[in-house]
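Please keep the sequence and the structure in view while reading.

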Amino acid sequence: MAAVTDEKTFDIRQATTADWPGIWAVLEPVIREGETFTWDRDTTEGTARAKWFKEAPGQTFVAVDRGSGEVLGTGEFHANQGGGGSHVANAGYMVGAKHSGKGIARALCAYSLAEAKAAGFYAMQYNAVVESNVRAVWLWQSMGFTILATVPEAFNHPEIGYVGLHVMYRKL
């Protein structure tokens, strides 16, 4: 399994249980902010761990600094639905705030697209991209995703109130 790599500073690889403290350090602030994920802001560490780690054909992965081994970001993919819908993957990514703008989210997405295809998925669908998260919306579109629909006022943003949630899709 080949990792998607930034030539300078980080590698993307499958996560191990030893990565959990670093993953939690990335997840917790994003969850508590409540601005980009539909998770309860008071999600416990145990619940987050159970929710974030995926079993095959899904996968949990990390972006790690080559020098220090610090977890800079993390992602996961899994079947979006069961049964007749299990050929479409769903994914999520989080990057540590101090590592934003370094291409980590793009690398996590590229890794998940390649790995999901290798795992036998046909397409990837994002169910809930927060409309006000314009950087993510732009990034996912630049990676080939199309907005299929926007559910109006489906997300209660803690600062700006009700905003839409985009459903985005891309064939693998």
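## Two side chains and their surroundings

In this predicted model, a polar atom in the side chain of asparagine 90 lies 2.9 Å from the backbone oxygen of glutamine 125. Asparagine 90 belongs to strand β4, which covers residues 88–95. When neighbours within four places in sequence are left aside, the contacts of asparagine 90 are Glu76, Phe77, His78, Ala79, Asn80, Gln125, Tyr126 and Asn127.

Threonine 74 is found in strand β3, residues 71–79, and its side chain is joined to that of tryptophan 52 by a polar contact of 3.0 Å. Among the residues that threonine 74 touches, not counting those up to four places away in sequence, are Ile23, Trp52, Phe61, Tyr93 and Leu108.

Which of the residues discussed here count as buried, and which as exposed? The table gives the relative accessible area of each one, and the cut-offs that matter are under 20% for buried and over 50% for exposed.

| Residue | Relative accessible area | Class |
|---|---|---|
| Threonine 74 | 0% | buried |
| Asparagine 90 | 9% | buried |
| Tyrosine 126 | 3% | buried |
| Phenylalanine 145 | 3% | buried |
| Glutamate 153 | 59% | exposed |

## Aromatic rings

The count of aromatic pairs comes to 12. In one of them, tyrosine 126 and phenylalanine 145 are stacked, with 4.2 Å from centre to centre and 15° between the planes. This pair links distant parts of the chain, since tyrosine 126 sits in strand β5 (residues 123–130) while phenylalanine 145 sits in the loop between α4 (134–142) and β6 (146–157), 19 residues apart. Elsewhere, ring pairs link Phe61, Phe77, Tyr111 and Phe121 into a cluster.

Tyrosine 126 also has contacts beyond its ring partner: leaving aside neighbours within four places in sequence, they include Asn90, Tyr93, Cys109, Trp140 and His166.

## The largest pocket

Rolling a probe the size of a water molecule over the atoms shows where empty space is left. The largest pocket holds about 1400 Å³ of space, and of the 49 residues that line it, Thr36, Phe37, Tyr93, Met94 and Asn133 are the closest to its centre. At least two lining residues are supplied by each of α1 (20–33), α2 (45–52), β3, β4, α3, β5 and α4.

## Two backbone features

Most residues other than glycine have a negative phi, and most peptide bonds are trans. Where in the chain is a cis peptide bond found? The bond from alanine 56 to proline 57 is cis, with omega near 10°, and proline 57 lies in the loop between α2 and β2. Glutamate 153, in strand β6, has a positive phi near 50° although this residue is not glycine, and glutamate 153 counts as exposed at 59% relative accessibility.

Note on methods. Residues are numbered from 1 along each chain as its sequence is written. This is a predicted model: local features need pLDDT of at least 70, side-chain atom pairs count only at pLDDT 80 or more; totals for chains, interfaces and linings use all residues. Side-chain values use heavy atoms; hydrogens and water are left out. Helices (H or I, at least four residues) and strands (E, at least two) are DSSP runs, numbered from the N terminus. Buried means under 20% relative accessible area, exposed over 50%, partly exposed in between (1.4 Å probe, protein chains only). A polar contact is a pair of N or O atoms within 3.5 Å; within protein, one must be able to donate a hydrogen and the other to accept it, and residues adjacent in sequence count only if both atoms are side-chain atoms. Contact means heavy atoms within 4.5 Å. Rings of Phe, Tyr and Trp (its six-membered ring) pair if their centres lie within 6.5 Å; planes under 30 degrees apart count as stacked, over 60 as edge-to-face and the rest as tilted. On a 1 Å grid over the protein atoms alone, a cavity is a set of points where a 1.4 Å probe fits but cannot get out, and a pocket is an open set with protein on both sides within 12 Å along at least five of seven lines; lining residues have an atom within 4 Å of a point. Grid points are joined across faces, edges and corners, and a volume is the space filled by probe spheres set on the points.
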